[in-house]
Amino acid sequence: MIIFDTNAINRINPRSPRADIVRALRASGQHRVGIPGTVLEELTAHKAKDYIAQCETAMSALNTLRRMMPWKPAANFEGPQLELEECQEHWRKVYSELFEVVPTSGEAALKALSREALALPPAKQGEKRAEGARDAAIWFTILDFLREYPDEDVHFVTDNTTDFGNGTIYRFPMDEDLGDCAGRLKRLTDFDAVVTAFTAPADGDSAAADAKRYLGSETVAATIGELALASHRGVVGLPGITTTGAPVAWIAWIGPPRTTLLSADKVAGHRIGDEVWYTAETTWLLYGVAAAVGQGVEGVSCAWTVKLLFSVGGDGGQGAPTLLSPEAPSAPDMQDKPTADALAALHKEVLRELVTSRKPGSTVDASRGNRRTGPPDTSLVAAQFDYTSGLADVVRAAVLPKIDYASLFPRIDYASLLPRIDYASLFPETAKAADIAFTTAGRSDLRARSRGDVDAVDESSESVGPDEPEALGENDG
């Protein structure tokens with residue numbers, strides 16, 4: 001187990017080559033690389049203090065600007081909000097992913113406070129008061145690890161020889177603290193000593209050739225497509241271009257995109273045991289079907305720069321690459337001829353596979369794998385298809401299944417949901433006949449009265465039936 005003190009990795013950049021070596025050592029499976037919980041808090045505190053200082057500087061600048069403004073500043077002219085806990089949680093997460101964290105127990109913390117109160121090593125008496133509780137907490141954390149894992153040695157990396165000793169002689173009571181674990185505690189002074197002790201530089205030319213051969217393999221290209229599918233989600237407006245070269249903003253891949261390597265720079269290799277572990281800054285050209293903003297699906301191309309960690313075993317075996325610091329996708333530079341040629345080749349490759357593997361009435365899963373294993377028959381493609389203008393339509397037809405949307409909404413007989421009511425039964429025939437007769441007689445009575453013919457009232461009631469309307473006379477209005 002390699003355990004770092006704060007001074008050996010103070011302000012380590014998680015994207016730096018040193019951090020990559022830590023990842024390689026851990027990924028090799030041959031070494032554990034960790035920090036005590038106390039060191040994790042110290043590293044986090046250093047970042048948090050920088051953050052607080054920058055916020056205070058920003059607020060001071062804003063206050064100065066506010067005083068100089070001849071008008072009243074807007075309501076949202078408040079400046080940065082200090083979010084200390086969020087900052088601390090972020091850096092705890094970053095360092096916990098980079099290192100294995102060896103917990104500092106409550107008992108170790110209490111012992112450390114007691115040791116500081118006594119001003120005994122690794123604590124000490126300062127000018128005005130005793131100090132060194134955190135050093136003592138680191139010390140007791142290491143001792144707890146040695147006792148918990150009796151089969152493991154510890155390589156403690158620190159340049160603090162004043163408090164922790166030189167690694168061969170320990171002052172009282174540290175010598176008694178170690179007891180029979182003294183032979184299992186080794187000392188390294190800095191990070192370079194770790195690199196020298198646990199890695200060996202890979203041969204320059206052969207290492208670069210091995211790395212580029214690995215990155216150019218179909219297996220890695222397929223893995224990059226899968227990683228892109230998982231990584232490029234939840235962000236609206238990623239830049240890219242369509243198959244016709246028009247700019248497009250997209251959201252996510254429909255399936256793993258096809259990929260080809262554009263460049264591999266800053267390749268560094270370290271031999272750890274029988275394996276050589278590499279880091280490289282790579283740029284990939286991606287092409288696939290993506291959900292475009294406001295346009296449904298489109299054939300989309302983009303460039304993706306990502307730093308990778310990977311290994312090539314002594315027997316030639318290859319492992320999957322690990323993403324270290326992926327950047328956001330960008331639109332490919334079509335003014336660059338290698339990029340334009342590579343994209344044209346990807347377009348042709350996708351179209352060949354879709355056409356040669358598609359049967360009438362069938363669909364093709366264009367997201368399976370990254371490349372076909374056999375040479376496709378390209379005669380149909382060359383004879384019938386334009387590689388650019390028709391590609392999006394072919395991809396849509398091949399990738400998107402034909403969905404019967406009507407089947408999603410079953411046909412419902414809404415009439416069956418309402419009971420059938422016999423409204424006629426509510427009005428018996430006799431009642432209806434009486435009502436009609438009464439209505440007709442009343443109408444005749446009114447006409448007779450309007451003419452002043454009182455005697456005609458009874459006649460009209462007798463002579464006019466319910467189904468025989470009265471004829472109007474010449475004086476009827």
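This section describes the fold, the strand pairing, the helix packing and selected backbone features of a predicted model.

The chain contains 15 helices and 14 strands. Of its 477 residues, 38% are buried. Contacts between residues at least 6 apart in sequence were considered for the chain, and 70% of them join residues at least 24 apart.

Five strands make up an open sheet with parallel pairing, in the order β3-β2-β1-β6-β7. Strands β3 (100-102) and β7 (185-188) form the edges, each pairing on one side only. From one strand to the next, the twist averages 35°. Within this sheet, strand β1 (residues 2-4) runs parallel to strand β2 (residues 33-36), and the two are joined by two bridges. In this pair, Ile2 is placed opposite Val33 of β2.

Two helices that lie across strands of this sheet are described here. Helix α5 lies across β1, β2, β3, β6 (154-157) and β7, and its direction is at about 165° to that of β6. Helix α8 (residues 191-198) lies across β1, β6 and β7, and runs at about 170° to β1.

Helix α5 also packs against another helix. The axes of helix α4 (residues 106-118) and helix α5 (residues 133-148) are 8 Å apart and the packing angle is about 135°. The two helices, α4 and α5, are therefore oblique to each other, and the crossing in which α4 passes α5 is right-handed. On the α4 side, the contact involves Ala108, Lys111, Ala112, Leu113, Arg115 and Glu116, which meet Ala133, Ala136, Ala137, Phe140 and Asp144 of α5.

In helix α1 (residues 17-27), the buried residues include Ala19, Asp20, Ile21 and Val22, together with Arg23, Ala24 and Leu25. Gly29, which follows α1, has a positive phi near 80°.

Strand β8 (residues 200-201) is antiparallel to β11 and is joined to β11 by two bridges, with Ala200 opposite Arg271 of β11. Strand β12 (residues 275-292) is likewise antiparallel to β11, and twelve bridges join these two strands. One of the facing pairs consists of Arg258 and Tyr287, the latter in β12. Strands β11 and β12 form a hairpin with two residues between the strands, in which Gly273 adopts a positive phi near 65°.

Two residues of β11 were examined individually. Thr259 is located in strand β11, which spans residues 258-272. Thr259 has a relative accessible area of 0% and is therefore buried. A polar atom of the Thr259 side chain lies 2.8 Å from the backbone oxygen of Ala221. Lys266 is also found in strand β11, but its relative accessible area is 64% and the residue is exposed. Lys266 is not a glycine, yet its phi is positive, near 50°.

Most residues other than glycine have a negative phi, and most peptide bonds are trans. Exceptions of both kinds occur in the model, one of them being the phi of Lys266. Ala119, which is not a glycine, has a positive phi of about 60°. Ala119 is placed in the loop between α4 and β4. With a relative accessibility of 22%, Ala119 counts as partly exposed.

The loop between α4 and β4 (124-125) also contains Pro122. The peptide bond joining Pro121 and Pro122 is cis, with an omega of about 5°. Pro173 is situated in the loop between α6 (161-164) and α7 (174-178).

Notes: Residues numbered from 1 in each chain as written. Heavy atoms only, no water. Helix = DSSP H or I, 4+ residues; strand = E, 2+ residues; numbered from the N terminus. Buried < 20%, exposed > 50% of the residue type's maximum accessible area, 1.4 Å probe, protein only. Polar contact = N/O pair within 3.5 Å; in protein donor to acceptor, adjacent residues only side chain to side chain. Pairing = 2+ DSSP bridges. Axes fitted to C-alpha atoms, helices over the stretch in contact; angles between N-to-C directions. Parallel < 35°, antiparallel > 145°, perpendicular 65-115°, else oblique. Left-handed = near helix turned anticlockwise from the far one by under 90°. Contact = heavy atoms within 4.5 Å.
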